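Subject: Structure for your review

Dear colleague,

Please find below the structure that I am handing over to you. My notes on it follow, arranged by topic.

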Amino acid sequence: IRKIIHQYQPTPLDIESIPETEKSKITVIAMDTTYFGRNSGVVVAINAHNGDLLYFKEIFRSETNKDYELCIETLLKANIKPKACVIDGRQGVRHILENHGIVVQLCQFHLKLMVKKYLTNNPVLDPNKELKLIVDSVCNRHIEMDEQKFLHMIVNWHGRYRFWLNEKTIDPLTGDREWTHQDTRKAFNVIKNHLDIIYTYEHYPELNIPNTSNRIEGKFGVAKDKLRIHHGYTKDLKIKILFSLLSGE
């Protein structure tokens, strides 16, 4: 049985063979990378509407912007021309996509994670509590939050706390003046730097762009749960199994 399993070869991904009529329907994609170890992972792109696998490439190091550039170039070469892409906010990927005329939607769930990194789950200071509450309202199905309302709340928050944000403290050891509320500034800068791609989907209703990358994250989660059941297989076999699960074989 083990011999048969190791001889198994999944059907290669052949996006060139997709009918042109179907390629023209692929208007929105999602890209991401998942890892199995410190230097082992796969870069994946899927059709954001139906979850079909469009790109799968193993990497033996940390992901780079070139990996995403190669993904887009591969799709374009196969005459798949997405008009929008959902990303997790990695620096540089946005510019790669925009250089190819592809509009970018930041995964709103990843925005919350990036902000939480600096504010923590349970902030103590009132400005931090308020900022976290604003960001948590994004992508919350129980709260109606559109771009206009979100911008209004962020501008209002900054107007009330801008002087507080600019406070500086002298380091007693070095004598250098440093930002007193560094983590809050970092959290606010995350929001400010991504402000124009948090609600991209509202500007292109005809494309039906998802506001999160939940579909691709969900596929990763299901595949990894199945992989965790079995232990001791080689990395090559693990990649084969993952590819088969993601491609729906």
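Predicted model: local features only at pLDDT ≥ 70, side-chain atom pairs only at ≥ 80, totals over all residues.

Helix α11

The buried residues of α11 are Leu237, Lys238, Ile239, Lys240, Leu242, Phe243, Ser244 and Leu246. Among the elements that cover these buried residues are α1 (2–7), β1 (28–37), β2, β3 and α10. Beyond α11 comes glycine 248, which has a positive phi near 80 degrees.

Aromatic rings

A search of the whole structure gives 6 aromatic pairs. In one of them, the ring centres of phenylalanine 56 and phenylalanine 243 are 5.1 Å apart and the planes stand at 75 degrees, so this pair is edge-to-face. It links distant parts of the chain: phenylalanine 56 belongs to strand β3 (residues 53–59) and phenylalanine 243 to helix α11 (residues 235–247), with the two 187 residues apart. Is phenylalanine 56 buried or exposed? Phenylalanine 56 has a relative accessible area of 18% and is therefore buried, since buried means under 20%. Phenylalanine 243 also counts as buried, because its relative accessibility is 9%.

Elsewhere, Trp157, Tyr161, Trp164 and Phe188 make up one aromatic cluster. Tryptophan 179 has charged groups over its ring. Lysine 168 lies over the face of tryptophan 179, 4.5 Å from the ring centre, and the charged end of arginine 185 sits over the ring of tryptophan 179 at 3.6 Å from its centre.

The sheet

In what order do the strands of the open sheet lie? The sheet has 5 strands in the order β3-β2-β1-β4-β5, and the pairing is mixed. In general, strands of a sheet pair through backbone hydrogen bonds, either parallel or antiparallel.

The pairings can be followed strand by strand:

- β1 and β2 run antiparallel and are joined by 8 bridges. They form a hairpin with 2 residues between them. Threonine 34 has valine 42 in β2 as its bridge partner.
- β1 and strand β4 (residues 84–87) pair in the parallel sense over 3 bridges. Here isoleucine 29 stands opposite cysteine 85 in β4.
- Strand β2 (residues 40–47) and β3 run antiparallel, with 6 bridges between them. Isoleucine 46 stands opposite leucine 53 in β3, and the bridge partner of valine 42 in β3 is glutamate 58. The hairpin of β2 and β3 has 5 residues between the strands, and in it glycine 51 takes a positive phi near 85 degrees.

Serine 40 lies in strand β2. Its relative accessible area is 8%, and serine 40 is therefore buried. Leaving out residues up to four places away in sequence, serine 40 touches Tyr35, Glu58, Ile59 and Lys235.

Helix α5

Helix α5 (residues 108–119) has 12 residues and reaches 16 Å from its first C-alpha to its last, close to the 16 Å expected at 1.5 Å a residue. Which residues of α5 are buried? They are Gln108, His110, Leu111, Lys112, Val115 and Leu119. Their cover includes β5, α6 (126–136), α8 (182–194), α9 (200–203) and α10 (214–228). Just after α5, threonine 120 has a positive phi of about 70 degrees.

With kind regards

Notes. Residues numbered from 1 in each chain as written. Heavy atoms only, no water. Phe/Tyr/Trp six-rings, centres within 6.5 Å; stacked < 30°, edge-to-face > 60°. Helix = DSSP H or I, 4+ residues; strand = E, 2+ residues; numbered from the N terminus. Buried < 20%, exposed > 50% of the residue type's maximum accessible area, 1.4 Å probe, protein only. Lys NZ or Arg CZ within 6 Å of the ring centre and 35° of its normal. Pairing = 2+ DSSP bridges. Expected span 1.5 Å × (residues − 1). Contact = heavy atoms within 4.5 Å.
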